[in-house]
Amino acid sequence: MYTRPVLARKLPLPVIAGPCSAETPAQLELTAACLRDEGVEWFRAGLWKPRTSPGCFEGVGEKGIAWMQEVRNRFGMKICTEVASAAHVELCLKAGFDMLWLGARTTTSPFLVQEVAEALSGAPVKLFVKNPVNPDRKLWAGAVERLRIKGVNDISLIYRGVSSFGETLYRNDPCWGFAIEFRTAFPDIPFYCDPSHIAGNAAYVPILARKAVDLGLDGLMVECHCRPQEALSDSAQQLTPDEFSAMVRTLAVRRPEAEDACCREEMESVRRRIDVIDDDIITLISERMEASRQMGRLKKEAGVAILQTLRWEEVIGRVRMKARNLGIDPAFVEKLFNEIHEASVSEQNSIISQL
Ligand code: PEP
Ligand code: MN
């Protein structure tokens, strides 16, 4: 049973929250009322739903526009929905939506991004661009560029994980490395995280949200429903208002730099030490690559095959053991060495194929 706080709380960072889909006026009203009490100022709900399989609930469409306007009028929240075509954009602009988002499947299609960019051209609306379903940095960056060319300037990004093959813990792979790489390439664009679509299950949303906040991302988009078990889409991953309330209370925004001068100085000195270690790592990798090339030349002369699986198993076994003894995760070290091995095999391949 959700208990209303006496005064609306202040959230520690910007959060867009609301149901996956708008279903009924009452569902929107109840969810929005609870979220408003928790300090949410930006309310989301999908009107047109891009579903993986046909025959699923595909959203209430245009008739939900008036329900969203009602949320804005009653609770003073800004309203936000997903657009994937010029027709969606035109309807939403006419209805005065404050914010819109491009879904992961739409960002994947340059035709659709172009169509939306042209329809949005010059409109005073905030646009959130989700990452494409596959971890393709150029496709995401290309979408942002297409929009900017058409004068869509108030852009923020939302990271929602990427699709993966086979059974996994989360619905989408968090692949934080991809998020960090993109955030670093576009430091000036506000970067949000959608832990709901990464998780696929309400139980994992808080831990992913905390991770995003600890990384220093700028905000969150979270799916929340007054009765998730009755939701017509993404039922498993939507938080109840109570769960949302408990989660936001555990979020502690970290500052970009330490306030204390001594601590800042100490951090600076550790950073210098890390720089020196990184330089040493690069030097060692370069020496290792030179040894690989020398081995490639010997294999070429002796007509020996590049791939020596027994030898490779021995190398991996040894580094895993060493990692374990030094208290490093052996799986991490194995991943690292697989990359090194791949590069070394490719060097030897080019040596052997030279005439
Ligand atoms: C959504 O936000 O409801 C949605 C469909 O998300 P995504 O595009 O990230 O799958
Ligand atoms: Mn959803």
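Begin by selecting Trp 140, Ala 141, Ala 143, Val 144 and Leu 147, which are the buried residues of helix α6 (buried means under 20% relative accessible area, exposed over 50% and partly exposed in between, with a 1.4 Å probe and protein chains only). Looking down the axis of α6, you will find that these buried residues fall within an arc of 150°, so they line one face of the helix; the arc is that of the directions from the helix axis to the C-beta atoms. This is a predicted model, in which local features need pLDDT of at least 70 and side-chain atom pairs count only at pLDDT 80 or more. Residues are numbered from 1 along each chain as its sequence is written, and side-chain values use heavy atoms, with hydrogens and water left out.

Then show the whole of α6, residues 137-149, which reaches 18 Å from its first C-alpha to its last; helices are DSSP runs of H or I with at least four residues, numbered from the N terminus.

At the N-terminal end of α6, select Asp 136, which caps the helix with a side-chain oxygen 3.1 Å from the backbone nitrogen of Lys 138. After α6 comes Gly 151, whose phi is positive, near 80°.

Now select the cysteines. With a disulfide taken as a pair of cysteine sulfur atoms within 2.5 Å, the count comes to zero. Cys 34 has its nearest cysteine sulfur, that of Cys 226, 7.2 Å away, and Cys 34 counts as buried at 8% relative accessibility. Finally, the sulfur of Cys 175 is 12 Å from the closest cysteine sulfur, in Cys 193, too far for a bond, while Cys 175 is partly exposed at 27%.

Notes: Chains are lettered from A and ligands numbered from 1 in the order in which they are written. Helices (H or I, at least four residues) and strands (E, at least two) are DSSP runs, numbered from the N terminus. The expected span of a helix is 1.5 Å times one less than its number of residues. A polar contact is a pair of N or O atoms within 3.5 Å; within protein, one must be able to donate a hydrogen and the other to accept it, and residues adjacent in sequence count only if both atoms are side-chain atoms.
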